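Come along and check each entry against the picture.

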Amino acid sequence: MPDTHDIAVRLAGVRLDRGGRAVLRDVSLEVPRGSVTAVLGPSGSGKSTLLAALTGELAPASGTVEVLGQAVPQRKRALLELRKGIGVLLQGNGLLTDLTAAENVALPLRAHTQLPDAVIDRLVRMKLHAVGLRAAADLFPRELSGGMARRVALARALALDPPLMIYDEPLTGLDPIASGVVMSLVRRLNQTLGLTSIVVTHHVHETLPVADHAVVIANGRIVFDGTPAELQATRDPLVRQFLDGEPDGPIAFDAVAREVAA
Amino acid sequence: MPFAAATRSLGAAGLFAFSVLRASKPTRDFLAELVREIYKIGARSLPIVAAGGAFVGLSVTLLGYRALETYGATSQVSTLLGLGLYRELGPVLTALLFVGRAGSSIAAELGLMRATDQITALGLMAIDPVAKAVAPRFWAAVICVPLLTAFFISLALCAGYLEAVHVIGIDAGSFWQAMKDSVDFVDDFCAAFLKAAVFGATAALVAAYVGYHAEPTIEGTSIATTRAVVNASLLVLMFNFVLSALWFR
C-alpha cells in the first residue's frame, strides 16, 4: 500500500449527488503523486461531477475526498487556500474575454502574490513560452484558435506552479494536431515540473498513450482501475463497449432508460 | 409556493448585496477595474443621457409654458422645469436610461461570463468572482449615475432655457431668477444626487444579481438581460416614490 505522502488524491466510499439524484456511488480511488491519471467514461457518466468534488465545488453526500494530503474543506477561505495548489483546465477554457493572453496568465499571479510587475511579466512570458505561445501574449481570446486558447488556459492554470493539475475534457473541439500538441504538453509538463495530473476525458486513444494510470467510470461507478495496458487488454463487456464504441451493451445510451435501470 | 419563492429570492438578493459590499476592497486591481467600468458604463452612456436630457428639457418647457400661459404665469416655467428635473425627472429618467443602456450590458456580460466558464474559472483560481467581476461594476454605477444625472439635468436646463428664452421669448433674467428662488440646494439639488446614487446601486445590483445567477446558456443570458431591465426599472420607480414621500414632506 502506498505511503500517504505518495498519494495526491484519495477518494474513499464517495457518493456524489446532483439534483437529489446519485450521480456516482461508492467511488474509491487513489492517484499517486507524479502520475498522469486518465479518468475516462462516456458523456454524462459523472466525470465532471467527480472533478467538481476534487475542486470542492460539490460536497460528497457520503465518504471522504482528500486532495494534497488534506480533506477538501467546506469553508470558503480554506477552500480558496486549497485551490491555489490545484490548476484546472476547463473544457470551455474560461479565459476572460476582455483581457489579453498575457493578462489572463497574470491574473492568478496578481491575485495571490506580491511580486513586482516586472517579475510577473517575466513569469507570464515564461509560462506562455512553455506552451509555445510567447508570440501570442498580446492577443485577445477572440483572436486565438481553439488549440491556442486551450494552451493559454493551460499556461494560466500553471501560473502558480500548482502541484496538482486537473484537465477537464482538454481535447474537446480540437483537431487531431492540436489534440496531439495538448496531450504531449500534458506529459511533458508533468515530467518537467514534477506535477500530478488528472485528465478527465472521453478521448481514449489520444489520452492513454500519455497516461500512467486509467480509471473508467460508467453507470454511476468506477468500472475499471488499472494501467493503460490492462485497460486495453480487459475483457469486461462494459469497458469494452466504451473502448470499442459499440452502440449496444451494458452502458445504456438513452438517459431515461439508464434511470430506470438504476 | 410563490410567496416562499419570492422570500427566498429576496433573501438571496440581500446576501448577494452583502457579498458585493464585503468583496469591495480598494486594491490596485479593483481600482483599475473600476476605472475601466466607469468608462464602459458611464462615459459610454453620455450620448443617450445628453440626448434624453435635451428632449425632456424641451418637452417640459413647452408643456409648462402652455399650462402656465392660462394663468399668465409663464415666467414661472423655469420653476416648473427646475423643480421637476431636480426632484423627479432627472434622477428617475437618467436611472431608466442607465438601466436600458448599462444595466442590460452588466447582466449580459455576467451571464456570458457564467455561460463561458469565466466565473467558474475565477473561483477555481481562488479568485472571488464577486470581487473581480461584480464589485467594480456596482461601484462604477454608484459613481456614474449621479454624474450622469447632473449631465442630464444640465442638458435639460440648457435646452429648456434656449426654448423658453430664444423661441418663446421669456426674459432671460426672470428665467434664471425664478429658478434660483425656487430650487433649494439641500432639498432639491442634494436630493437629486442622493436619489441618483440609490438608483445606480439598485440598477447595478439587480442587473448583476440576475446576470451572475443566469442559467449558463445563451437563452439564460437573454432571459437575465430582459429580467434585469424590467426588474431594475420597476424598482427604480418604486424607490423613487418612497424617497420622494420621505424627503419632500
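I looked up the pairing of E3(A) first: with strand E8 (residues 196–201) of chain A, E3(A) pairs in the parallel sense over five bridges. I count strands as DSSP runs of E of at least two residues, and helices as runs of H or I of at least four, numbered from the N terminus; two strands pair if DSSP finds at least two bridges between them. Across from A:Val39, I found A:Val200 in E8(A).

A note on my source: this is a predicted model, where local features need pLDDT of at least 70 and side-chain atom pairs count only at pLDDT 80 or more, while totals for chains, interfaces and linings use all residues. Residues are numbered from 1 along each chain as its sequence is written, and chains are lettered from A and ligands numbered from 1 in the order in which they are written.

Next I checked strand E9 (residues 213–218) of chain A, which runs parallel to E3(A) and is joined to it by four bridges. There, A:Thr37 has A:His213 as its bridge partner.

Last, I turned to the chains: 15 residues of chain A are in contact with ten residues of chain B (C-beta atoms, placed from the backbone, within 7 Å). On the side of chain A that touches chain B, H3(A) gives the largest share, five residues.

Technical notes
Contact = placed C-beta atoms within 7 Å.
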